[in-house]
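Student: I would like a close look at one part of this model. Please take me through it in a single connected answer.

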Amino acid sequence: MSPGKIAAIAGIILLSHIPLQAQWEFGGLLGLNLASISVPTGTSSEDYSSRVGFGIGLVADRPLTDQIILHVEPMFLQKGATVKNSVVTLKYKVNYIELPILFKYAFSLHSSLAPYAMAGPSLGFLTGAKFEDEDGNTQDEKDHTKTLDFGLGLGGGVSIPHGKLTFFAETRYVLGLVNINAESDESAVKNRGLLVLVGVMVPVGPK
């Protein structure tokens with residue numbers, strides 16, 4: 001069984017055991033993804049550098065203990081890289097519906113700011129892939145890109161309560177573990193990304 005399927009099953013089991021009557025916080029988020037790809041050294045004559053993608057989505061928090069919080073962030077997320085060879089520079093644009101299932105550890109500092117560390121798996125479901133040159137011409141690459149991405153995220157952030165609302169900002173590095181290149185005779189390609197996200201949540205349901 002693939003790592004992605006294992007993570008999906010584990011996430012469903014975990015969510016199914018959380019009482020529905022418990023208090024959740026729900027909200028929305030926006031962010032930037034400093035995206036890149038990893039290709040084995042010496043297997044390509046091309047140079048790879050980062051590109052900036054965007055993310056937009058939802059967020060849900062559920063405290064499991066006083067300091068450990070389940071944190072789910074389904075979002076639309078742009079990944080990819082800038083690819084340069086001796087002839088042309090291309091943007092490799094790959095879009096996903098991303099589902100990070102993270103665990104936050106909240107530090108108790110007895111202040112209005114609540115810093116936290118976070119880690120967990122992230123599943124990505126491909127919605128589109130293409131190469132785009134400097135003139136805006138595109139070449140579809142969806143058939144050459146695997147439909148599932150899987151990675152591990154590690155980062156931290158800070159929550160800022162304000163009345164019933166909770167604002168937050170976080171940074172997370174996501175290390176892709178799956179080869180997204182569907183061409184078996186070509187080099188393996190794995191996503192990388194440094195996410196910077198901001199958002200707001202509101203409590204729903206009884207405490």
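Student: What volume does the largest cavity have? Please describe its lining and its setting in the chain too.

Tutor: Keep in mind that this is a predicted model. The largest cavity has a volume of about 110 Å³. A search of the whole structure for cavities of 30 Å³ or more finds 1.

Start with the lining. It holds 16 residues. Closest to the centre of the cavity are Lys 79, Glu 98, Asp 149, Val 174 and Asn 191. By class, the lining residues split into 7 polar, 5 nonpolar and 4 charged.

Next, the elements. Five names matter here: strands E5 (75-84), E7 (114-132), E9 (148-162), E10 (165-176) and E11 (190-204) each give two or more residues to the lining. Strand E11 gives the most, with 4 residues.

Now step back to the chain. Its secondary structure comes to 1 helix and 11 strands. Contacts can be sorted by sequence separation. Among those between residues at least 6 apart, 66% join residues at least 24 apart.

Last, burial and surface. The chain has 207 residues, and 37% of them count as buried, with under 20% relative accessible area as the cut-off.

To return to the cavity: its volume is about 110 Å³, and E11 is the top contributor to its lining.

Terms used
Residues are numbered from 1 along each chain as its sequence is written. This is a predicted model: local features need pLDDT of at least 70, side-chain atom pairs count only at pLDDT 80 or more; totals for chains, interfaces and linings use all residues. Side-chain values use heavy atoms; hydrogens and water are left out. Buried means under 20% relative accessible area, exposed over 50%, partly exposed in between (1.4 Å probe, protein chains only). Contact means heavy atoms within 4.5 Å. On a 1 Å grid over the protein atoms alone, a cavity is a set of points where a 1.4 Å probe fits but cannot get out, and a pocket is an open set with protein on both sides within 12 Å along at least five of seven lines; lining residues have an atom within 4 Å of a point. Grid points are joined across faces, edges and corners, and a volume is the space filled by probe spheres set on the points. Ala, Val, Leu, Ile, Met, Phe, Trp, Tyr, Cys and Pro count as nonpolar, Asp, Glu, Lys and Arg as charged, and the others, Gly among them, as polar.
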